[in-house]
Amino acid sequence: MKRGTAVRSVVLGMSAVGLMGACGGQPEQAPAPESGDTVTTATQQLVPAPPTPFDNYLYIAGNLSVGSAVTGNTGTSANYEGYTLTVPAHTQVALEVTHLGTGMGVDTGLYVYGPKTQYGYGYRPLYGDDDSGYGELSKLPLATFDAAGEYLVVVGWSNGLAKNYRLQASCVGGACVANPSPAPANTPVKLAAFPLEGNLQALLNGGNAYREDMYSFLDRYDFAWPYSTPASLDAAAAAVLARSEYQGYRNDVPDTYTYAAFLSRMYSQFQPLHQAILDTYGESGANAQVKSYFREFSTGPNGDNWRTLNIILLPESRHVLVYEQTAHEI
């Protein structure tokens, strides 16, 4: 019944990490082996997130700036190194251990923590990937930083081959874009699914435990947006309805609401989510918009069902939240 089950099944159970890569990226022509290289097709082991707390043992190798790259060396044993990344709020970055500049056979993992507080960078990664890049290298095509501050980007490797790796940070949207231009007409929104933050999941779970006949779902999607004008609610809704798990709402006529007006349309046990969503993503309620689709159907005597799909666009923070609430006769 859960709308996001298929999406979230790609996240490894060992950690709540967004977009954990399960396979390699687009193949490229393999370069000629370097002196001492042995070309092999053997599968390397998973490079998991580093154990925490790691502030006392993790080596901070330097600073990583958006629009630049750094080079490190794996040494002769499996290990991790960190790089600090300082960004303004609502910055969107792609992070990758690149094929260019990384030695053949290196197997990496890539994780992001923060923002830094007086207690460190936290215990759970915001984003993580094993081998979504070239071969068994790591790649995060989209990491959205809602809060300004210092973050920690951690590179790990499973095989110490004493070879170099190259870590690159590229701006893909938000506050890091210099002199952004307006979005062209009818620019689509391309969604990427991420796990829901723990505080929002806890509120959702609390509401779902309240009544047997009412149940809600909340899924998070991000989209890269490098333009000066915001994405449209229509484009966000089209992207959501294009996903197979929401196809049942495609023929329904939607209503549009301000975010303030949307509060009264939520079942009361879920209304704490309303302000928490804004607080979590640093969004202004004046900018957020909601498009709602309603379905009513019956599965037999005393089997009436009511479902509402609410597509919440957070244009400043570049998130789309999909809140689906359901009710049925008992």
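**View 1. Contacts around His319 in a predicted model.** Leaving aside residues up to four places away in sequence, His319 touches Thr144, Asp146, Arg220, Tyr221, Asp222, Phe223, Tyr281, Ile312, Leu313 and Leu314. The model shown here is predicted. His319 belongs to strand 15, which covers residues 319–328. Its relative accessibility is 0%, so His319 counts as buried. One of the residues it touches is Asp146. The side chains of His319 and Asp146 make a polar contact at 2.6 Å.

**View 2. The disulfide between Cys171 and Cys176.** A search of the whole structure turns up 1 disulfide. It joins Cys171 to Cys176, with 2.0 Å from S to S. Such a link is a covalent bond between the sulfur atoms of two cysteines. The torsion about the S-S bond of Cys171 and Cys176 is about 85 degrees, so this disulfide is right-handed. Are the two cysteines buried or partly exposed? Cys171 has a relative accessible area of 32% and is partly exposed. Cys176, at 23% relative accessibility, also counts as partly exposed.

**View 3. Thr84 and its contacts.** Thr84 sits in strand 3, residues 79–87. Its relative accessible area is 10%. Thr84 is therefore buried, since the cut-off for buried is under 20%. Which residues does Thr84 touch, not counting those up to four places away in sequence? They are Ile60, Gly62, Asn63, Leu64, Tyr121, Glu150, Tyr151 and Leu152. With Asn63 there is a polar contact as well: the side chains of Thr84 and Asn63 are joined at 2.4 Å.

**View 4. Strand 4 beside strand 9.** Strand 4 spans residues 91–97, and strand 9 spans residues 164–174. How many bridges link the two strands? They pair in the antiparallel sense over 7 bridges. Within the pair, Gln92 stands opposite Gly173 of strand 9.

Notes
Residues numbered from 1 in each chain as written. Predicted model: local features only at pLDDT ≥ 70, side-chain atom pairs only at ≥ 80, totals over all residues. Heavy atoms only, no water. Helix = DSSP H or I, 4+ residues; strand = E, 2+ residues; numbered from the N terminus. Buried < 20%, exposed > 50% of the residue type's maximum accessible area, 1.4 Å probe, protein only. Polar contact = N/O pair within 3.5 Å; in protein donor to acceptor, adjacent residues only side chain to side chain. Contact = heavy atoms within 4.5 Å. Disulfide = S-S within 2.5 Å. Pairing = 2+ DSSP bridges.
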